Amino acid sequence: PNCVFCITITMSKILNIETSTTVCSVSISENGACKCFRENFNGNNHSELIGVFVQEVLAEAGFQPTDLDAVALSIGPGSYTGLRIGTSFAKGLCYGCNLKLITIPTLKIIAQNAKEKYNIEDDALLCPMIDARRMEVYNCIYDTQLNEVRETQPEIIDENSFAEILKEKKIYFFGNGAEKCKPFITHENAIFLSEVYPLATSMIKLADESFESEDFADVAYFEPFYLKAAHVTMPKNQLTPNY
């Protein structure tokens, strides 16, 4: 008898959105390959840029929003406002076009960007850092396969930070929180990398893996990973005086 083999190939068109820091970026990938992207490094103007960037990449790719299969979103930690902007836009698009939602930790995206830009030894560790005011950073430790070695946490950096791990392993530090840590983390196994960012282009491989494994978030109930509450201060002219 004749044997017929059926091979299922997962096809994916994914819009990637990254708004967790001062960088705003979007990209479109098809079957794991980048078709186009937009990036802006000039600060907190995400609300003005995100819609324009998405329209531009859709037009450049030749897609309508309904042609997409999923939206991938960087979920934090990071800027409270930036995360809210990205989340609101992604949810609205998923609801309106009946798309799947993929969520990716921001620190993992930064680590992926470091892997793409630098040659890193297989046995080293990766420590992406996001600035969290003063001497505090949000950080996580990954191996070079991006398996989590130490979970994401806020940490006030001093001369003892990472000391025990650095005795055993080389650690690469990077991200917008790493530069201020240099004077404190001085072990010879500590290496600092420059110009590593959370970018939508670095989401592509991670998003495609999630799509293939059908690892989707619930659009209705998903909330960003803020890690800490928003830092809100009252204007001085609205403070109630003490009598």
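Rings of Phe, Tyr and Trp (its six-membered ring) count as a pair if their centres lie within 6.5 Å, and the planes make the pair stacked when under 30 degrees apart, edge-to-face when over 60 and tilted for the rest.

**View 1. A cluster of rings.** Ring pairs join F162, F173 and F192 into a cluster. This is a predicted model, where local features need pLDDT of at least 70, side-chain atom pairs count only at pLDDT 80 or more, and totals for chains, interfaces and linings use all residues. Residues are numbered from 1 along each chain as its sequence is written, and side-chain values use heavy atoms, with hydrogens and water left out.

**View 2. F162 meets F173.** Searching the whole structure turns up five aromatic pairs. In one of them, F162 and F173 have ring centres 5.1 Å apart and planes at 70 degrees, so this pair is edge-to-face. F162 sits in the loop between β8 (148–156) and α4 (163–168), and F173 in strand β9 (residues 171–174), so the pair ties together parts 11 residues apart in sequence. Helices (H or I, at least four residues) and strands (E, at least two) are DSSP runs, numbered from the N terminus. (Buried means under 20% relative accessible area, exposed over 50%, and partly exposed in between, with a 1.4 Å probe and protein chains only.)

View 3. F211 is buried, with a relative accessible area of 11%, while F216 is partly exposed at 27%.
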